[in-house]
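Take a look at the model below. This report walks through its backbone, its sheet and its side-chain contacts.

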Amino acid sequence: MGKGWRSTLLIAVLILIASGCTGKHKPDEQSLGNGSPTNQYVSQEVPEESNEAEEKNTLEPDTATDAPRISVVVGSDVKLETSLELETAIFDGTEYTIEPYAVTFAVRTSMGDPVIEGQRIVFSSDLSGAATISYEVMENTSLDEAVAKELQDHDGSFSGEFIETTSNDGLKGKHNQYKEDSFFSGVLFYEFDRHVLRMEYHCPIAGVDAMVRIVNETMDSVRWESN
């Protein structure tokens with residue numbers, strides 16, 4: 001992940017806390033001290049499953065509704081490692097692949113099971129209030145086009161310029177945060193093939209300690225299987 005994104009995220013969090021917003025929330029698993037987090041995505045090998053098991057692990061939208069043709073394949077259990085200065089913590093996660101795009105990401109199991117809402121795949125949890133991460137594919141769109149559309153749709157809503165970032169698999173992306181006094185929220189883009197993966201996160205300021213790490217972990221994990 002790019003150093004610029006890490007520094008900007010830390011500064012943004014410190015500004016929010018210093019401005020007198022709701023106090024920090026530190027779940028037991030998140031109590032890692034202060035500093036700029038560095039994340040490592042670690043996959044675990046699992047035995048191959050039967051076709052029947054794979055079918056059970058595929059989530060598809062209700063065909064009775066006017067839903068997109070996406071589906072979500074539940075993949076391997078993984079370990080998501082977060083390092084903060086001299087302290088390291090490892091959390092359980094799960095891989096998910098968005099089909100037919102073959103783009104894969106991982107997210108902590110504590111974020112719940114995926115739900116398909118229209119063209120978005122949404123994970124929800126309680127981090128001192130409702131916290132969500134969503135994923136959607138913008139077809140036939142470049143990274144710059146995705147950013148331009150976001151700026152057009154949300155004019156004046158961002159705290160600064162979009163910052164370049166890179167996943168552990170080498171996918172290029174951009175990130176920015178919304179200007180919301182009581183919430184920690186933002187949007188990320190990763191370009192792959194001819195498309196862009198759009199990720200959006202949102203949680204109360206009280207849950208910022210946990211959410212910063214969760215967002216970093218899922219950002220690092222994104223990859224695309226080209227064949």
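Asn-140 is found in the loop between strand E8 (130-138) and helix H3 (143-153). Its phi is near 45°, a positive value in a residue other than glycine. Most residues other than glycine have a negative phi. Asn-140 counts as exposed because its relative accessible area is 55%, and the cut-off for exposed is over 50%. Keep in mind that this is a predicted model.

The peptide bond from Glu-99 to Pro-100 is cis, with omega near 15°. Most peptide bonds are trans. Ala-102 also has its place in the loop between E4 and E5. Ala-102 is not a glycine, yet its phi is positive, about 60°. Is Ala-102 buried or exposed? With a relative accessible area of 18%, Ala-102 is buried, because buried means under 20%.

## The sheet and its helices

Seven strands form an open sheet. Their order is E6-E7-E8-E12-E11-E10-E9, and the pairing is antiparallel. Strand E6 (115-117) and E9 are the edge strands, so each pairs on one side only. From one strand to the next, the twist averages 25°. Strands of a sheet pair through backbone hydrogen bonds.

E8 and strand E12 (residues 195-204) pair in the antiparallel sense over seven bridges. Ile-133 stands opposite Tyr-201 in E12. Two helices lie across strands of this sheet. H3 lies across E8, E10, E11 and E12, and runs at about 150° to E11. Helix H4 (residues 208-221) lies across E8, E9, E11 and E12, and runs at about 170° to E12.

## Rings

How many aromatic pairs are there? The count comes to ten. One of them joins Phe-158 and Tyr-178. This pair is stacked, at 4.8 Å centre to centre with 20° between the planes. The pair links distant parts of the chain, 20 residues apart. Phe-158 is in the loop between H3 and strand E9 (163-166). Tyr-178 is in the loop between strand E10 (172-177) and strand E11 (183-192). Both Phe-158 and Tyr-178 are buried.

Ring pairs also link Tyr-96, Phe-105, Phe-123 and Tyr-135 into a cluster. At another ring, that of Phe-91, the charged end of Arg-108 sits over the ring, 3.6 Å from its centre.

## Salt bridges

Side chains of opposite charge can pair when their charged atoms come close. Here the count comes to eleven salt bridges. Among them is the one between Glu-136 and Arg-198, at 3.3 Å, N to O. Glu-136 is in strand E8 and Arg-198 is in strand E12, 62 residues apart. Both Glu-136 and Arg-198 are buried. Arg-198 also meets Glu-200 in a salt bridge, at 2.9 Å, N to O. Arg-198 has a relative accessible area of 9%, whereas Glu-200 is partly exposed, at 24%. Glu-136, Glu-150, Arg-198 and Glu-200 are linked in a network of salt bridges.

Asp-153 forms a salt bridge with Lys-149, with the closest N and O atoms 2.7 Å apart. Both residues lie in helix H3, four residues apart, about one turn of the helix. Asp-153 is partly exposed, with a relative accessible area of 44%. Lys-149 also counts as partly exposed, at 44% relative accessibility.

Notes
Residues are numbered from 1 along each chain as its sequence is written. This is a predicted model: local features need pLDDT of at least 70, side-chain atom pairs count only at pLDDT 80 or more; totals for chains, interfaces and linings use all residues. Side-chain values use heavy atoms; hydrogens and water are left out. Buried means under 20% relative accessible area, exposed over 50%, partly exposed in between (1.4 Å probe, protein chains only). Rings of Phe, Tyr and Trp (its six-membered ring) pair if their centres lie within 6.5 Å; planes under 30 degrees apart count as stacked, over 60 as edge-to-face and the rest as tilted. A charge sits over a ring if NZ of Lys or CZ of Arg is within 6 Å of the ring centre and within 35 degrees of the ring normal. Two strands pair if DSSP finds at least two bridges between them. Axes are lines fitted to C-alpha atoms, for helices over the stretch in contact, and angles run from 0 to 180 degrees between N-to-C directions. Contact means heavy atoms within 4.5 Å. A salt bridge is a side-chain nitrogen of Lys or Arg within 4 Å of a carboxyl oxygen of Asp or Glu.
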